[in-house]
Amino acid sequence: MALVTISGFPCAGKTTRARQLENHLSARLSQPDCPAHLVKAKVLVINDESLSLSKAVYDDGRAEKPARASLFSAVQRHLGPDCIVIVDAMNYIKGSRYQMYCQAREIQVRNCTIFVATSPERCREWNSNRPDDSRYSDVTLDNLISRFEEPSSSARWDSPLITVASDDVPLDSSSEGNFVSKEVEAIWQALTNSELKPPNLATQVVQTSSTSYLTILESTTSNVVSAVVSAQSLSPLSGPTPLLLPSTPASGGSELRITIDLRKPVSMPQLQRLKRQFVTMNKGAGGGLELARERVADLFAKYLESQLR
């Protein structure tokens with residue numbers, strides 16, 4: 001039915017807002033005047049705790065990447081026509097938010113992004129008051145805050161964007177039967193009445209056999225790796241770079257053009273390692289509806305951008 005991507009600094013109060021939103025949506029879906037097509041919908045919060053992920057994974061980039069992959073896999077499993085999925089995580093990398101946006105468009109559900117705006121000083125204070133097993137180390141906390149890529153309403157994958165400040169009223173607050181938070185009304189409208197965008201070339205899926213899909217996944221990612229190496233050999237990577245992927249029998253003889261935004265040299269071993277990770281993450285995508293070549297290339301380019309910045 002819908003995807004809610006929550007973004008914000010670590011210890012910004014995201015889980016509190018996610019639980020408030022879960023309470024509000026569950027109550028609203030059970031009201032007698034709820035539209036008939038919504039009454040069967042359920043609300044699910046996915047976060048590190050629900051996936052049994054320790055905060056310690058963010059101390060090491062090598063451990064953090066599989067953790068983010070687990071989060072995205074959980075979103076893929078549960079997102080559907082009868083479920084509102086609330087992704088309660090930092091989602092601090094725009095490439096990760098873009099990946100979830102594409103997933104929502106792929107299966108034709110609405111989406112919105114909630115930015116929980118909290119000052120770094122308050123985040124540090126709240127982190128220091130947490131129990132040891134749910135606290136970030138000071139170094140990790142500062143590192144995550146410095147790397148945070150704030151959502152922007154001008155980016156299609158972050159739009160519609162609703163900002164909730166740390167001192168705003170609770171999302172599930174009400175008075176005399178009326179909802180107090182104007183933000184929660186904006187969220188409800190985004191999830192139920194916003195324009196449902198059709199899939200485009202980057203988000204379309206095709207029905208294929210597992211063997212042919214894995215062939216597309218392997219060959220397309222290999223072509224992207226080769227194109228990046230080739231482009232880098234001509235000039236240093238310093239921003240958006242167009243790549244031309246060769247035609248394949250499956251593509252009907254047409255070449256594929258994509259753009260990748262890399263700003264530092266990258267080695268072949270790095271590219272091959274990230275390719276293996278991406279293939280592992282996506283070889284079971286879609287539950288039988290598998291990614292088209294254009295979407296594989298686009299998602300892999302975004303994945304490389306997010307991992308190599």
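Visitor: What percentage of the 309 residues in the protein is buried?
Guide: This is a predicted model, in which local features need pLDDT of at least 70 and side-chain atom pairs count only at pLDDT 80 or more, while totals for chains, interfaces and linings use all residues. Residues are numbered from 1 along each chain as its sequence is written, and side-chain values use heavy atoms, with hydrogens and water left out. Buried means under 20% relative accessible area, exposed over 50%, and partly exposed in between (1.4 Å probe, protein chains only). For the 309 residues, the buried share is 50%.

Visitor: How many helices and strands are there in the protein?
Guide: Both are DSSP runs numbered from the N terminus: helices are H or I with at least four residues, strands are E with at least two. The count is 9 helices and 11 strands.

Visitor: Among contacts between residues at least 6 apart in sequence, what percentage joins residues at least 24 apart?
Guide: Contact means heavy atoms within 4.5 Å. Of the contacts in the protein that join residues at least 6 apart in sequence, the share joining residues at least 24 apart is 78%.

Visitor: Are α1 and α6 parallel or oblique to each other?
Guide: Axes are lines fitted to C-alpha atoms, for helices over the stretch in contact, and angles run from 0 to 180 degrees between N-to-C directions. The axes of α1 (residues 14-29) and α6 (residues 182-192) come within 11 Å and cross at roughly 60°. Angles under 35 degrees count as roughly parallel, over 145 as roughly antiparallel, 65 to 115 as roughly perpendicular and the rest as oblique. The pair α1 and α6 is therefore oblique.

Visitor: Which residues of α6 make the contact with α1?
Guide: On the α1 side, the contact uses L21, H24, L25, R28 and L29. By class, the contact of α1 with α6 has 7 nonpolar, 1 polar and 2 charged residues (Ala, Val, Leu, Ile, Met, Phe, Trp, Tyr, Cys and Pro count as nonpolar, Asp, Glu, Lys and Arg as charged, and the others, Gly among them, as polar). The α6 residues are V184, E185, I187, W188 and L191.

Visitor: Are α2 and α8 roughly parallel or roughly antiparallel?
Guide: Helix α2 (residues 61-78) and helix α8 (residues 268-282) have axes 10 Å apart. They pack at an angle of about 25°, so their relation is roughly parallel.

Visitor: Which residues of α8 meet α2?
Guide: From α2, the residues involved are K65, A69, F72 and Q76. The contact of α2 with α8 divides into 4 nonpolar, 3 polar and 2 charged residues. Those in α8 are R273, L274, Q277, M281 and N282.

Visitor: How far apart in space are L214 and N282, C-alpha to C-alpha?
Guide: L214 is found in helix α7 (residues 210-234) and is partly exposed at 36% relative accessibility. In sequence, L214 and N282 are 68 residues apart. Their C-alpha to C-alpha separation is 9.3 Å.

Visitor: Is α4 roughly parallel or roughly antiparallel to α5?
Guide: The axes of α4 (residues 120-128) and α5 (residues 138-147) come within 11 Å and cross at roughly 150°. That angle makes the pair roughly antiparallel.

Visitor: How many disulfides does the structure hold?
Guide: A disulfide is a pair of cysteine sulfur atoms within 2.5 Å. Among the cysteines, C102 is buried at 1% relative accessible area, and C112 is buried at 1% relative accessibility. The number of disulfides is 0.
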